[in-house]
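Colleague: Before I plan anything around this model, I would like to go through it with you. Please show it first.

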Amino acid sequence: MFDIGFSELMVIGVVALLVLGPERLPKVARTVGHLMGRLQRYVADVKSDINREMQIEELKRLQEDARKTAMELESSMRQQVSTLEHQVQDSLQTVNAAVADLENSIHPPEGAAGAQAVQTAQADQADHQGKLLDAASLQLDQQLAAAEAQAPVHQPVDLSSAPMQAPMAAPAAPAPSVAPSEGKV
C-alpha cells in the first residue's frame, strides 16, 4: 500500500514517543491500528465493488452478445422455415396440378370428341383385357400339360364287378360310405 520501510517506521515511532510521551503512545498506537484496519477494509470493499461492477459489465456484454446471437439464429431459422413453406406450397401446387390432369384423363370430357375418346379408351381396354385373357389361358394350358406329365397314369376301376363286404361291427363314428354305382346294364 504505502512504500514505507522498517527504518522509516522506527523514525516515526521515536518521534511519536518524544511528542506523545510514554503514557499516551499505547492509546494512540491502538487508535492508529484501528484506523489503519478500517482504511484497509474500506479499500478492500472499494476493490471488491469495482471488481463486482466489472463482472456485471462483462456479464451484460456477454448477455448482449448471446441475445444478438439468438436473434440472428431466430432470423435464420425463420428464413429457412419460410423457404421450406414455399417449397412445400410449390410441391402441393405441382401435386394438385397432377391430380387435376389425372382426373381429367379419368373423367371423360363432354361433347362429341369426348364420346369418341371414351369409345377409343373402351376399345383399348377391351383389347388389353383380351390379351391378358389369352396370356392367362396359355399359361393355364402349360401348367395343365406339366401337371399331366408329372402325374402317374391311373387306370379306371370298375366298382360294379368288385365284391361287396358286409360291415363287421358298428363303427363308433360314422365313416364316409361309398355308394355303389346304380347304373346296371
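Predicted model: local features only at pLDDT ≥ 70, side-chain atom pairs only at ≥ 80, totals over all residues.

Modeller: Residues are numbered from 1 along each chain as its sequence is written, and side-chain values use heavy atoms, with hydrogens and water left out.

Colleague: Which helix has the highest mean pLDDT?

Modeller: pLDDT is the predictor's confidence in each residue, from 0 to 100. The protein chain averages 78, and 74% of the residues score at least 70. Helices here are DSSP runs (H or I, at least four residues), numbered from the N terminus. Helix H3 (residues 112-150) has the lowest mean, 73, and the highest, 91, belongs to H2.

Colleague: How many salt bridges are there?

Modeller: A salt bridge needs a side-chain nitrogen of Lys or Arg within 4 Å of a carboxyl oxygen of Asp or Glu. Arg52 and Asp49 form one at 2.9 Å, N to O, and Glu64 and Arg67 form one at 2.2 Å. Glu74 pairs with Arg78, the closest N and O atoms being 2.7 Å apart. By this rule the count is 3.

Colleague: Is Arg78 buried or exposed?

Modeller: Buried means under 20% relative accessible area, exposed over 50%, and partly exposed in between (1.4 Å probe, protein chains only). Glu74, at 40%, is partly exposed. Arg78 has a relative accessible area of 57%, so Arg78 is exposed.

Key
Helix = DSSP H or I, 4+ residues; strand = E, 2+ residues; numbered from the N terminus.
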